[in-house]
Amino acid sequence: MANISLAVVTEQTVVVILICVYNMLIFVVFHFVMDLHRYYWLRRVMNKPEV
């Protein structure tokens, strides 16, 4: 089954699938980075002494 399904897939199809996968990975990494930024920003704001 794998050989038959891979024989049908062309090189352009693989490129399109890889582009979609990379876009999803970029989206997920972006959200993780934003969560980390929010966490460190909140820690800095909460630990700042009030005047």
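The legends below describe a predicted model, in which local features need pLDDT of at least 70 and side-chain atom pairs count only at pLDDT 80 or more, while totals for chains, interfaces and linings use all residues. Residues are numbered from 1 along each chain as its sequence is written, and side-chain values use heavy atoms, with hydrogens and water left out.

**View 1. The whole protein chain.** The protein chain has two helices and zero strands, where helices (H or I, at least four residues) and strands (E, at least two) are DSSP runs numbered from the N terminus. The radius of gyration of the protein chain is 21 Å, well over the 10 Å that the globule rule gives for 51 residues, so the chain is more spread out than a compact globule. This radius is taken over C-alpha atoms, and the globule rule is 2.2 Å times the number of residues to the power 0.38. Along the principal axes, the C-alpha atoms fill a box of roughly 70 × 20 × 5 Å. The accessible surface of the protein chain comes to about 5400 Å², of which 73% belongs to carbon and sulfur atoms; such areas come from the Shrake-Rupley method with a 1.4 Å probe, and for residues only the protein chains shown count as cover. Of the 51 residues, 0% count as buried, a word that means under 20% relative accessible area, with exposed over 50% and partly exposed in between (1.4 Å probe, protein chains only).

**View 2. The salt bridge of D35 and R38.** D35 forms a salt bridge with R38, and the closest N and O atoms are 3.5 Å apart. The two residues are three apart in helix α2, so about one helical turn separates D35 from R38. D35 is partly exposed, with a relative accessible area of 39%, and R38 is likewise partly exposed, at 47%.

**View 3. The aromatic pair of Y39 and Y40.** The structure holds one aromatic pair. The ring centres of Y39 and Y40 are 5.2 Å apart and the planes stand at 65°, so the pair is edge-to-face. Rings of Phe, Tyr and Trp (its six-membered ring) pair if their centres lie within 6.5 Å, and planes under 30 degrees apart count as stacked, over 60 as edge-to-face and the rest as tilted. Y39 counts as partly exposed, at 45% relative accessibility.

**View 4. A nonpolar surface patch.** V9, V14, I17, L18, V21, Y22, M24 and L25 make a nonpolar surface patch of about 710 Å². Patches are made of residues with over 30% relative accessible area and no salt bridge, like charges being joined within 9 Å and nonpolar side chains (Val, Leu, Ile, Met, Phe, Trp, Tyr) within 5 Å. V14 lies in helix α2, which covers residues 11-47, and V14 is partly exposed at 38% relative accessibility. M24 also has its place in helix α2, and M24 is exposed, with a relative accessible area of 54%.

**View 5. P49 and V14.** P49 is found in the segment after α2 and counts as exposed, at 65% relative accessibility. From C-alpha to C-alpha, P49 and V14 are 55 Å apart in space and 35 residues apart in sequence.

Key: Salt bridge = Lys/Arg side-chain N within 4 Å of Asp/Glu carboxyl O.
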